[in-house]
Amino acid sequence: MDGALNLLSREGVAAIRIPRLCQELGVTKGSFYWHFDDIEQLMAAMADRWSAVQSETIRELGDFVEIPVEERIEKMAAMLVDHRHWIVETTVREWSRGNPKVADAVRNLDQRVFETVYRTMLDLGFDENQAGLRAGAMVYIGLGLIHGRDNLPTPTTEQVYSVIELLARP
């Protein structure tokens, strides 16, 4: 399963084929079929695994509200520039277009991220309207960073923090 998820993050959904996976892992097709009936069963198991990992991420986001606002903003900026995070996010979002279970996990994660940023903006003293506008802008900036990473210069943590600081200022 981990091998399949690694292959997914490197080469995308199209790479998840039994012969390719067996080659990647150095196992026989018989070994694959010992664990899974078919590729659909593997994909379902991968979706379950990724959803479980995202549940942990969502739990961690819930813990963000317990830390001081400045530290929260720093942690959000650090998450945005983590290259490993970008690779997985891009691939999983592509995968979610054809897998309802993954789509639900992505949607749930996006909503929790928005709620966390929204609560941060409220904690900074913005009214509900301004908190929603600023949180939306930050989330869309984050999605843009994920999807534009190959086409645009990668910002440093300090640059991302500066943009977040601009949106967090009254």
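This note goes through the predicted model point by point, from overall make-up to single residues.

1. **Overall make-up.** The model is predicted, not experimental. The chain has nine helices and zero strands. Read along the sequence, the pattern is α-α-α-α-α-α-α-α-α. The C-alpha atoms fill a box of roughly 60 × 30 × 25 Å along the principal axes.

2. **Burial and contact range.** Of the 170 residues in the chain, 42% are buried. Take the contacts between residues at least 6 apart in sequence: 62% of them join residues at least 24 apart.

3. **The largest nonpolar core.** This core has 23 residues. I16, F32, L42, M46 and W95 have the most contacts inside it. Five elements are listed as giving two or more residues to the core: α1 (2–11), α2 (18–25), α4 (39–64), α6 (83–96) and α7. Helix α4 gives the most, with seven residues. As background, nonpolar side chains in soluble globular proteins tend to be buried together.

4. Which residues does I16 contact, leaving aside its neighbours within four places in sequence? They are A4, L7, L8, I39, L42, M43 and M46.

5. **α1 against α2.** These two helices pack at an angle of about 105 degrees, with their axes 10 Å apart. Helix α1 is therefore roughly perpendicular to α2. From α1, the contact uses G3, A4, L7, R10 and E11. From α2, it uses R20, L21, E24 and L25. By class, that is four nonpolar, one polar and four charged residues.

6. **α7 against α8.** Helix α7 covers residues 100–123 and helix α8 covers residues 128–147. Their axes come within 8 Å and cross at roughly 135 degrees. The two helices are therefore oblique to each other. The crossing is right-handed. On the α7 side, the contact is made by V113, F114, V117, Y118, M121 and L122. On the α8 side, it is made by E128, A131, G132, R134, A135, G136, M138 and V139. By class, this contact has 10 nonpolar, two polar and two charged residues.

7. **W50.** This tryptophan lies in helix α4. Is W50 buried or exposed? It counts as buried, because its relative accessibility is 5% and the cut-off for burial is under 20%. Not counting residues up to four places away in sequence, W50 touches V88, E89, V92, W95, V102, A105 and V106. W50 and E40 are 10 residues apart in sequence and 15 Å apart in space, C-alpha to C-alpha.

8. **R93.** This arginine lies in helix α6. R93 is buried, with a relative accessible area of 14%. Beyond four places in sequence, R93 touches V106, D110, L143 and H147. V106 is also on the contact list of W50. R93 and D123 are 30 residues apart in sequence. In space, they are 30 Å apart, C-alpha to C-alpha.

Terms used
Residues numbered from 1 in each chain as written. Predicted model: local features only at pLDDT ≥ 70, side-chain atom pairs only at ≥ 80, totals over all residues. Heavy atoms only, no water. Axes fitted to C-alpha atoms, helices over the stretch in contact; angles between N-to-C directions. Helix = DSSP H or I, 4+ residues; strand = E, 2+ residues; numbered from the N terminus. Parallel < 35°, antiparallel > 145°, perpendicular 65-115°, else oblique. Left-handed = near helix turned anticlockwise from the far one by under 90°. Contact = heavy atoms within 4.5 Å. Nonpolar A, V, L, I, M, F, W, Y, C, P; charged D, E, K, R; others polar. Core = buried A, V, L, I, M, F, W, Y, C linked by side-chain atoms within 4.5 Å. Buried < 20%, exposed > 50% of the residue type's maximum accessible area, 1.4 Å probe, protein only.
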